[in-house]
Amino acid sequence: MELVDLYDENRVPLGRTAERHAPKGLGEYRVVVHVCAFDSRGRLLIQRRAEEKTLWPGRWDVSVGGGVDAGETSRQAAEREFREELGYPLDLGDLRQSVTVNFDGGFDDFFIIQKDLDLSALVLQREEVAEVRYVTEGEAEAMRADGSFIPYPDGFLRFLFAMRDTFGFPTK
């Protein structure tokens, strides 16, 4: 059973945990993370979700995503998810999330990094990730439009691409 910390609508810890997939009470929220890894050519690493996934099986998504376990920070969860899903030991150092998106069940922290990864050296977690590849902004938008990408709101992927060059974008 995976436990998550619970927060109020202002992201103040409630001092309680809950099972990750169990319904939350009124005013209870959890935190999830995504890592968007761009290469030095400005392409985004994307993953195709395993067909066995409950949500959006077989669809493409940003580089890595997952829940923040109880007792973890968003940064720790992002590093853990990157290591688990791609087999790569990511060190985010003191990097903070680039953007947080509110969703019905909580907060989604997006970390944006630049890292030239050798895709053939990645060790994919097969229960989570079927394959990976790099895409340009135009390719990502076309995939979102044709339904092969998970249904991010129109313009959100363009926003992530635009964010890679702003606000002290890390190049480690």
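**Reading salt bridges, cores and a pocket**

Reader: Why does Glu 2 count as partly exposed?

Author: Glu 2 counts as partly exposed because its relative accessibility is 38%, and partly exposed lies between the cut-offs of 20% for buried and 50% for exposed. The model is predicted.

Reader: Which residue forms a salt bridge with Glu 2?

Author: Side chains of opposite charge can pair when their charged atoms come close. Here the partner of Glu 2 is Arg 20, with 3.2 Å between the closest N and O atoms. The two residues are 18 apart in the chain: Glu 2 sits in the segment before strand E1 (3-7), and Arg 20 in the loop between E2 and E3.

Reader: How many salt bridges does the structure hold?

Author: There are 15. Another of them joins Asp 109 to Arg 11, with the closest N and O atoms 2.6 Å apart. This pair also links distant parts of the chain, since Asp 109 belongs to strand E8 and Arg 11 to the loop between E1 and E2, 98 residues apart.

Reader: Is Asp 109 buried or exposed?

Author: Asp 109 has a relative accessible area of 0%, so it is buried. Arg 11, at 25%, is partly exposed.

Reader: Which residues are linked in a network of salt bridges?

Author: The network takes in Asp 69, Glu 72, Arg 80, Glu 81 and Glu 84. Within it, the side chains of Arg 80 and Glu 72 meet at 2.7 Å, N to O. Both Arg 80 and Glu 72 are buried.

Reader: How many residues are in the largest nonpolar core?

Author: A nonpolar core is made of buried nonpolar residues joined through their side chains. The largest here has 24 residues, and Val 35, Phe 82 and Leu 86 have the most contacts inside it. At least two residues come from each of E3, H1, E8 and strand E9 (129-135). Apart from this core lies another, of 20 residues, including Val 135 and Phe 149.

Reader: How much space lies in the largest pocket, and which residues are closest to its centre?

Author: The pocket holds about 1000 Å³. Of its 40 lining residues, Arg 20, Arg 30, Val 32, Leu 55 and Trp 56 are closest to the centre. Elements giving two or more residues to the lining include strand E3 (30-38), helix H1 (74-86) and strand E8 (106-114). By class, the lining has 15 nonpolar, nine polar and 16 charged residues.

Notes:
Residues numbered from 1 in each chain as written. Predicted model: local features only at pLDDT ≥ 70, side-chain atom pairs only at ≥ 80, totals over all residues. Heavy atoms only, no water. 1 Å grid on protein atoms, 1.4 Å probe; cavity = no way out; pocket = protein on both sides within 12 Å on 5 of 7 lines; lining within 4 Å. Points joined across faces, edges and corners; volume = space filled by probe spheres on them. Helix = DSSP H or I, 4+ residues; strand = E, 2+ residues; numbered from the N terminus. Nonpolar A, V, L, I, M, F, W, Y, C, P; charged D, E, K, R; others polar. Core = buried A, V, L, I, M, F, W, Y, C linked by side-chain atoms within 4.5 Å. Buried < 20%, exposed > 50% of the residue type's maximum accessible area, 1.4 Å probe, protein only. Salt bridge = Lys/Arg side-chain N within 4 Å of Asp/Glu carboxyl O.
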